Amino acid sequence: MSKSSSPEVKIGSIVRLFHLSKRDFELRKRLTESGAAAAVLNCVSRNGFVDLQEKALKLLLNLSLDDDNKVGLVAEGAIGDVVGVLCCVGAAADCRATAATVLTSLAVVEVNKATIGAYPFAIRGLIALVREGGGRERKEAATALYTLCSFPDNRRRAVESGAVEVLVNSLDSGLERAVEVLGLLAKCKRGREEMMRFNGCVKILIHVLGNGSSRGVQYALLTLNSLCLSSEVVCIEALKGGVFELCLRFLEDDNEKVRRNASSLIKVFGGARCG
């Protein structure tokens, strides 16, 4: 797959490698160590060749499945090429969604979380995709943000890049995965401050408690725990919104994390700040 090959020839080669590498760890390792990754990344950066770019991103995702490869791909410059697709408004929706998925895969390795988070426009690009994208793009971008924000420094970066407003609005419009990211951002002071400044945030979280999936409820409770510990005003608003009664119900939930988070929030309500 030389640089001088036509896009059609490159697509054929990439498709074959994609299928072969799906379940072959050794092949993925050889491709990454042999320098083939550089050729794949060259195809990823080929804006204007949608089919080629899409197939190259899917192969890159395959190559990133193994932890050893994740570090090697970042060393090859994968972040820059992937973020370039992510931030390209003219890129195909599937390409931008897959680019976000690749970042999620690379960020599984702890050292890569810091590298990706510090890369210019990586977090901003994901936030923009949550705000502007279609269903799949928004979901994949939120998943990438969740993975990155398990690293504390990235929470600050996300908040400073305007993540809270975008995530709360997205949660309100049906992107439940946004509450998982909010649960992490609520662990930092700036994140909590932004949520408390956002009119309607508590009301939206209460809506998730009453209507969300088990995982959504788990993270809505986690977020409210952090907010209520920090603010008597939020605590009172949550009580008036019926959260205490919901928490009592959640003590019987099948999900152990929901039960634990509900129990913690009940204890917060019993504290002096909410008295």
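**View 1. Helices H16 and H19 are roughly parallel to each other (angle under 35 degrees).** In this predicted model, local features need pLDDT of at least 70 and side-chain atom pairs count only at pLDDT 80 or more, while totals for chains, interfaces and linings use all residues. Residues are numbered from 1 along each chain as its sequence is written, and side-chain values use heavy atoms, leaving out hydrogens and water. Helices are DSSP runs of H or I with at least four residues, numbered from the N terminus. The axes of H16 (residues 214-230) and H19 (residues 256-269) come within 9 Å and cross at roughly 25 degrees; axes are lines fitted to C-alpha atoms over the stretch in contact, and angles run from 0 to 180 degrees between N-to-C directions. The crossing is left-handed, that is, the near helix is turned anticlockwise from the far one by less than a right angle. Contact (heavy atoms within 4.5 Å) involves H16 residues including Val 217, Leu 221, Asn 225 and Cys 228, and H19 residues including Lys 257, Asn 261, Leu 265 and Phe 269. By class, the residues of this contact are 11 nonpolar, 5 polar and 1 charged (Ala, Val, Leu, Ile, Met, Phe, Trp, Tyr, Cys and Pro count as nonpolar, Asp, Glu, Lys and Arg as charged, the others, Gly among them, as polar).

**View 2. Val 243 in the largest nonpolar core.** This core has 90 residues, and those with the most contacts inside it are Leu 126, Leu 185, Leu 209, Leu 221, Val 243 and Leu 265. A nonpolar core is a set of buried Ala, Val, Leu, Ile, Met, Phe, Trp, Tyr and Cys residues joined through side-chain atoms within 4.5 Å, with buried meaning under 20% relative accessible area (1.4 Å probe, protein chains only). Not counting residues up to four places away in sequence, Val 243 touches Ile 206, Leu 209, Leu 224, Ala 238, Leu 265 and Phe 269.

**View 3. Cys 228 in helix H16.** Cys 228 is buried, at 1% relative accessible area. Its C-alpha atom is separated by 9.9 Å from that of Leu 239, 11 residues apart along the chain.

**View 4. Phe 121 in the loop between helix H8 (110-118) and helix H9 (122-132).** Phe 121 is not a glycine, yet has a positive phi of about 75 degrees. With 59% relative accessibility, Phe 121 counts as exposed (over 50%).

Notes: Helices (H or I, at least four residues) and strands (E, at least two) are DSSP runs, numbered from the N terminus. Angles under 35 degrees count as roughly parallel, over 145 as roughly antiparallel, 65 to 115 as roughly perpendicular and the rest as oblique.
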